[in-house]
Amino acid sequence: MSSDLSPVVAASTRWLLSAFPPSAGPLNDALAEAQARQAATIAAALRYPTELDAGLVNMLGPGGSGRLDAVTGSDAHPPAEAEYAWRTWVDETVVSWAACLLADAALAAVAAACLAATHHGADGVGDARRLTIPGPRDHRAAPLLRHPDLLGPIADLHRESLLGLLDRHPAGSSPE
């Protein structure tokens, strides 16, 4: 069983970037993608903290983007076949938690510190500075992706479960 979460992270990152596109320009695309990928990576590692959890999501699939699309209104135009395939790997909870992290750098720092308590370890996202200490250039590159009010409906879907998880397992502690 594989414990690689890259399909979930890639699809969740892609969903975030399609729902909250970056400012125009290739550098902005890269900076926004880096922020979304760091958030999705941390969220996925926290959502699937053990090797067994990650293996099961790879075997069973995460559920898809249906509810997220409905919340953002993008379900009005059903996706084409090629568009639909990657959407099946979107994890609603991972996207919601990533939205929480993108909207709140302090929460992102706590979540990143908690990665050490997972099977994935803290090295999976490096220092995550674009997420935890975003600079002015990061905010300019991804104004929609970092806007708490715009992210609110998505973040609110599973915010309480993220806050509960981070409260139960403070940074540096191991899960019970």
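**View 1. Looking for sulfur bridges.** A disulfide is a pair of cysteine sulfur atoms within 2.5 Å. How many disulfides does the structure hold? The answer is zero. Two cysteines are still worth a look here. Cys100 is buried at 1% relative accessibility, and Cys114 is buried too, at 4%. Buried means under 20% relative accessible area, exposed means over 50%, and partly exposed is anything in between, using a 1.4 Å probe and protein chains only. One thing to know before moving on: this is a predicted model, where local features need pLDDT of at least 70, side-chain atom pairs count only at pLDDT 80 or more, and totals for chains, interfaces and linings use all residues. Residues are numbered from 1 along each chain as its sequence is written, and side-chain values use heavy atoms, with hydrogens and water left out.

View 2. The protein chain has 11 helices and zero strands. Follow the sequence and you get α-α-α-α-α-α-α-α-α-α-α. Helices (H or I, at least four residues) and strands (E, at least two) are DSSP runs, numbered from the N terminus. The protein chain has 176 residues, and 43% of them count as buried.

**View 3. Inside the largest nonpolar core.** A nonpolar core is a set of buried Ala, Val, Leu, Ile, Met, Phe, Trp, Tyr and Cys residues joined through side-chain atoms within 4.5 Å. The largest one here has 48 residues, and the members that touch the most others are Trp15, Leu16, Ile42, Leu46, Leu101, Leu145 and Leu162. Which elements give two or more residues to this core? They are α1 (6–19), α2 (26–47), α3 (51–60), α6 (92–103), α7 (105–114), α10 (148–155) and α11 (159–168). Helix α2 gives the most, with nine residues.

View 4. A pair of aromatic rings is described by the distance of the centres and the angle of the planes. Rings of Phe, Tyr and Trp (its six-membered ring) pair if their centres lie within 6.5 Å; planes under 30 degrees apart count as stacked, over 60 as edge-to-face and the rest as tilted. That rule gives one aromatic pair. The ring centres of Trp15 and Phe20 are 6.4 Å apart and the planes sit at 75°, so this pair is edge-to-face. Trp15 is buried at 1% relative accessibility, and Phe20 is buried with a relative accessible area of 7%.

View 5. Two packed helices are described by the angle between their axes and the distance between the axes. Axes are lines fitted to C-alpha atoms (for helices, over the stretch in contact), and angles run from 0 to 180 degrees between N-to-C directions. Angles under 35 degrees count as roughly parallel, over 145 as roughly antiparallel, 65 to 115 as roughly perpendicular and the rest as oblique. A crossing is left-handed if the near helix is turned anticlockwise from the far one by less than a right angle, and right-handed if clockwise.

- The axes of α6 and α10 come within 8 Å and cross at roughly 155°, so these helices are roughly antiparallel. Their crossing is left-handed.
- For α1 and α6, the angle is about 60° and the axes are 10 Å apart, which makes α1 oblique to α6. This crossing is right-handed.
- The axes of α1 and α2 come within 9 Å and cross at roughly 130°, so α1 and α2 are oblique to each other. Here α1 passes α2 in a right-handed crossing.

View 6. Ser12 and Thr88 are 76 residues apart in sequence and 9.9 Å apart in space, C-alpha to C-alpha. Gly64 is in the loop between α3 and α4 (66–72) and counts as buried at 12% relative accessibility.

**View 7. Two alanine pairs.** Ala39 is found in helix α2 and is buried, at 0% relative accessibility. The C-alpha atoms of Ala39 and Ala111 are separated by 9.4 Å, and these residues are 72 apart along the chain. The C-alpha atoms of Ala109 and Ala128, 19 residues apart along the chain, are 8.3 Å from each other.
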